[in-house]
Amino acid sequence: MTLIKSISGIRGTIGGQAGEALTPVDVVKFAAAFGSWVVKQTNIPKIVIGRDARISGEMVSNLVVATLQGLGIDVVDLGLSTTPTVEIAVPLEEAGGGIILTASHNPIQWNALKLLNAKGEFISAQDGAEVLEIAEAEAFNFAEVKALGKVSKADHYIDKHIEMILALPLVDVEAIKAANFRVAIDCVNSTGGISLPPLLKALGVEEVTEFYCEPNGHFPHNPEPLPENLRQFSQELQSGDFDLGIVVDPDVDRLVFMKEDGESFGEEYTLVAISDYVLKANGGGSTVSNLSSTRALRDVTEKAGGTYTAAAVGEVNVVTQMKATDAVIGGEGNGGVIYPELHYGRDALVGIALFLTQLAKFGKSISFLRSTYPNYFISKNKIELTPDVDVDLILEKIAAKYAKHPVNTIDGVKIDFEDEWVHLRKSNTEPIIRIYAESPSLATAEHLANKIISDIREIIMESKSEAE
């Protein structure tokens, strides 16, 4: 069983011993800590919550609601919802914060509490550390009986979210409707099933074939939207008559497109394509992605006369950099699109609306659109480490070894070569180093990753020899 307490929230597997998994005891403790922090920071005793459709969601939600009530906090419960919808609801409700009950792309046995500030954005590292301190000290002050919080239900926010998307200047419903798209969707039996169909209908898409759209939490396949988990959906696209496929993860903040032939558009290229559309429509502008995302975003940004910058991995870091550079769009290479015209959070729903507008105006197939972008391949690897390995020393020595190349150390070590890059970073939750490499050739990317892995193993062996 696993319980991971981090600055971004708490996540773990359901069942087991308290303190070792996401048990009711741990849910209550962490919900109480966050609720206490919200009241202390904002003096607003009101929190918005929503959840994805995973099986444990109702139980976890009941625990969170009761705990917040016990603190004297009013709860606005969206029930089944999406991560971006909860993010939008927090400022609209003038709440002090929000909690999203979702383990995102993790398998069925996982759940989590994701924490939002009063802006509906993920809390900062500093704020997260304060919440952890409150939890550790169990510094909770519960309300007396006449001061208990009240609970109200709000099931209209997905409709509100869709209305806000339709009102965006770069979303062209008439163009989408005229394109007569035939679309297949895979919503992995979670809340995409209650958000994608009404969105597509509102956008004028008449022919929608739904796969796994019942929000019952029984994931039909591994819920991370990667090609190896979408083979059956790919076959459905191949055998059907569709213009494209759309896939989301359980909480609808990651977005992946499939081409008409059943092949993946590429999760890295979700952000690239939509950014291309936004940049052209805006006449340029700044973009941001994280250090482990494809170089193709930089290419299309510079081609449009804009400026690209990279942020440390993590949505909160990308958002911070986007605000600093006044970026018109940004996100992460896992299919996470952040469009600040709507809000500062990864949002598959706005991504769908922008992409379909782009494809409608493009006037050719999704495969043809994909062929217009630079072709890069990423090799994603990791090395498992023993507790005695000094990860910081390894990263320092790798940076020194490749010092003649541009090296970025804001998040691990990223080395830029002429046509390739490699990014090494230690995990915050596991004893591993992740090694991502990108090149116009998959074989070259894999070769570069293996070369760095060999360098790391050599450094580890040298360190052990020196210690003996």
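Modeller: The model is predicted, so local features need pLDDT of at least 70 and side-chain atom pairs pLDDT 80 or more, while totals for chains, interfaces and linings use all residues. Residues are numbered from 1 along each chain as its sequence is written, and side-chain values use heavy atoms, leaving out hydrogens and water.

Colleague: Why is α3 called mostly covered?

Modeller: Buried means under 20% relative accessible area, exposed means over 50%, and partly exposed lies in between, with a 1.4 Å probe and protein chains only. In α3, 8 of the 10 residues are buried, among them Thr-83, Val-86 and Glu-87.

Colleague: How do you know that Glu-87 has no salt bridge?

Modeller: A salt bridge needs a side-chain nitrogen of Lys or Arg within 4 Å of a carboxyl oxygen of Asp or Glu. Lys and Arg count as positive, Asp and Glu as negative, and His and the chain ends are not counted. The nearest side chain of opposite charge to Glu-87 is Arg-346, 7.0 Å away, and Glu-87 has no salt bridge.

Colleague: What joins the side chains of Glu-87 and His-343?

Modeller: A polar contact of 3.5 Å joins them. The term means a pair of N or O atoms within 3.5 Å; within protein, one must be able to donate a hydrogen and the other to accept it, and residues adjacent in sequence count only if both atoms are side-chain atoms.

Colleague: Which residues does Glu-87 touch?

Modeller: Contact means heavy atoms within 4.5 Å. Leaving out residues up to four places away in sequence, Glu-87 touches several, including Ile-100, Phe-122 and Glu-315.

Colleague: How do you know that the span of α2 agrees with its number of residues?

Modeller: The expected span is 1.5 Å times one less than the number of residues. For the 14 residues of α2 that gives 20 Å, and the end C-alpha atoms are 20 Å apart, so the two agree.

How values were computed: Helices (H or I, at least four residues) and strands (E, at least two) are DSSP runs, numbered from the N terminus.
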